[in-house]
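Thanks for asking me to look this one over. My notes are set out as numbered points below the model.

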Amino acid sequence: METATLITGGLGFIGLNLLKFIKADRIIVVDNFKCAGSIRHINKHILFLEGDVTDKKFVRMLSIYPINKIYHLASIASPKFYKKFPIDTIMTNVIGTLNICELALTCKARLLLSSTSEIYGQPEVHPQPESYFGHRNTVGDRSCYDCSKAVAETIVYEYTKKGLNAVIARIFNTYGPYMRPDDGRVISEFICRAIIGKPLIIHNGGNQTRSFCYVDDLCKGLILLMEKGKDLVYNVGNDQAEITINQLADLIEARLNKKLERKYIDVQDNDPVVRRPDLTKIRQLGYKPQVEIEQGLRKTIKYFRKQWTGKTFKEY
C-alpha cells in the first residue's frame with residue numbers, strides 16, 4: 001500500500017533541505033508562502049498544496065492522503081519575522097500544532113514536531129539537556145516564538161496520552177543553503193552584508209556563544225528521530241561547534257579573505273548569553289554531526305555568492 005510523508009512548512013529553510021534526504025512513496029509539501037522559498041525547488045514528483053496549518057478545514061482535507069509520517073516544520077522561526085508577525089507566530093505554533101496533531105491521530109501517522117533551543121531561554125545550565133526546564137521571559141520580544149513553541153510541545157505531550165505516536169526535536173542554531181538573505185539570522189546576515197560590503201552589525205559585544213549546525217546534519221538527525229526516536233524529546237544540533245559571535249565574524253572574514261567593518265550595538269531582547277546542546281540522547285541513536293563550521297561556512301558562502309546578482313539577492 002502506498003504511503004505518504006507530509007512536510008508542513010516545506011518551502012522553508014529546513015523543509016527545502018529535508019526534501020533532499022526524504023525517501024517515501026509520495027511526498028506532500030504544505031506551505032502558506034508567509035516566509036517561504038520558491039516553489040521552483042519542488043520537483044514534479046512532489047505534491048505541493050498551498051494552505052495554512054491554522055486552517056482546520058484545510059488540515060482535515062489532508063486526511064484523504066495515505067499519510068504515515070508528518071514532519072511538522074511550519075513556523076515563523078526567524079527573529080526578524082517572528083518579531084514582525086508575533087500573533088501569526090503564536091497561532092501557527094499553537095493552533096497549527098493542534099490541527100496537525102488531530103490529523104496525525106486521524107491518519108495514524110507518526111509526527112515529528114520541530115521545536116527549538118529557544119525553549120531553554122536564557123539558560124542557567126550549560127550545555128542544555130532535554131531535562132532542563134528552561135529560563136524564559138514570557139513578556140519579551142522573543143516570547144511569541146519560544147513560549148508558543150513550549151505550548152506546542154505541551155500539546156504534543158497531551159496528544160500522546162490519546163495515542164499519538166510522536167517525537168519532538170529541539171533544534172539548535174542551524175545554517176546552510178536556502179536561508180533567506182533577509183531573515184536576520186546571524187550567519188546569513190553576516191555573509192550577505194559581507195558580500196555587499198556593509199558592516200557587520202554585532203549585538204551586545206559579540207561574546208555570546210552559539211553552537212552552529214550545518215543543515216545537512218540537522219536533516220539527517222530529524223530523519224533519525226522519525227525512524228528511531230523512542231523518547232518524546234531530543235536535542236538536535238552540533239555540540240562541537242560552540243563559538244562566540246565575534247569568532248564567527250572572524251571565520252567569515254577569513255573565508256572571504258577581506259577585512260570586514262564591525263559595528264557594535266546594544267540590544268535588550270533577552271539574547272541568550274550561551275547556547276550549546278547536550279546531545280547525549282540522540283547520539284545514543286547513532287547521530288553524529290559531520291560538517292565542521294569552516295566547511296559549512298564555505299558551502300553557505302558559495303550559495304549566497306551564487307544568489308548575488310551585483311544589485312540584489314535572487315529569490316531563494
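1. A word on the basis first. This is a predicted model, in which local features need pLDDT of at least 70 and side-chain atom pairs count only at pLDDT 80 or more, while totals for chains, interfaces and linings use all residues. Residues are numbered from 1 along each chain as its sequence is written, and side-chain values use heavy atoms, with hydrogens and water left out.

2. The protein chain falls into domain 1 (4-173 + 213-236) and domain 2 (175-211 + 240-272 + 291-307), with bounds that come from an automatic or database domain assignment. Taken over C-alpha atoms, the centres of domain 1 and domain 2 are 25 Å apart.

3. How many residues are in contact between domain 1 and domain 2? On the domain 1 side there are 25, and they touch 21 residues of domain 2; contact means heavy atoms within 4.5 Å. About 2200 Å² is buried between domain 1 and domain 2, and carbon and sulfur atoms give 50% of that area. Buried area here is the accessible area (1.4 Å probe) that two parts lose on being put together, summed over both. In domain 1, Phe-13, Arg-142 and Tyr-214 lose the most area to domain 2, together 31% of what that side buries.

4. Between domain 1 and domain 2 the count is one salt bridge, that is, a side-chain nitrogen of Lys or Arg within 4 Å of a carboxyl oxygen of Asp or Glu. Asp-271 also deserves a look: this residue forms a salt bridge with Arg-142, with the closest N and O atoms 4.0 Å apart.

5. Please also check strand S8 (residues 200-203); strands (E, at least two residues) are DSSP runs, numbered from the N terminus, as are helices (H or I, at least four). S8 runs parallel to strand S13 (residues 262-265), and four bridges join them; two strands pair if DSSP finds at least two bridges between them. Opposite Ile-202 stands Tyr-264 in S13.

6. Lastly, Ser-115 sits in strand S5 (residues 110-116). Why does Ser-115 count as buried? Because its relative accessibility is 3%; buried means under 20% relative accessible area, exposed over 50%, and partly exposed in between (1.4 Å probe, protein chains only). Leaving aside neighbours within four places in sequence, Ser-115 is in contact with Lys-149, Glu-153, Ile-168, Ala-169, Arg-170 and Ile-171.
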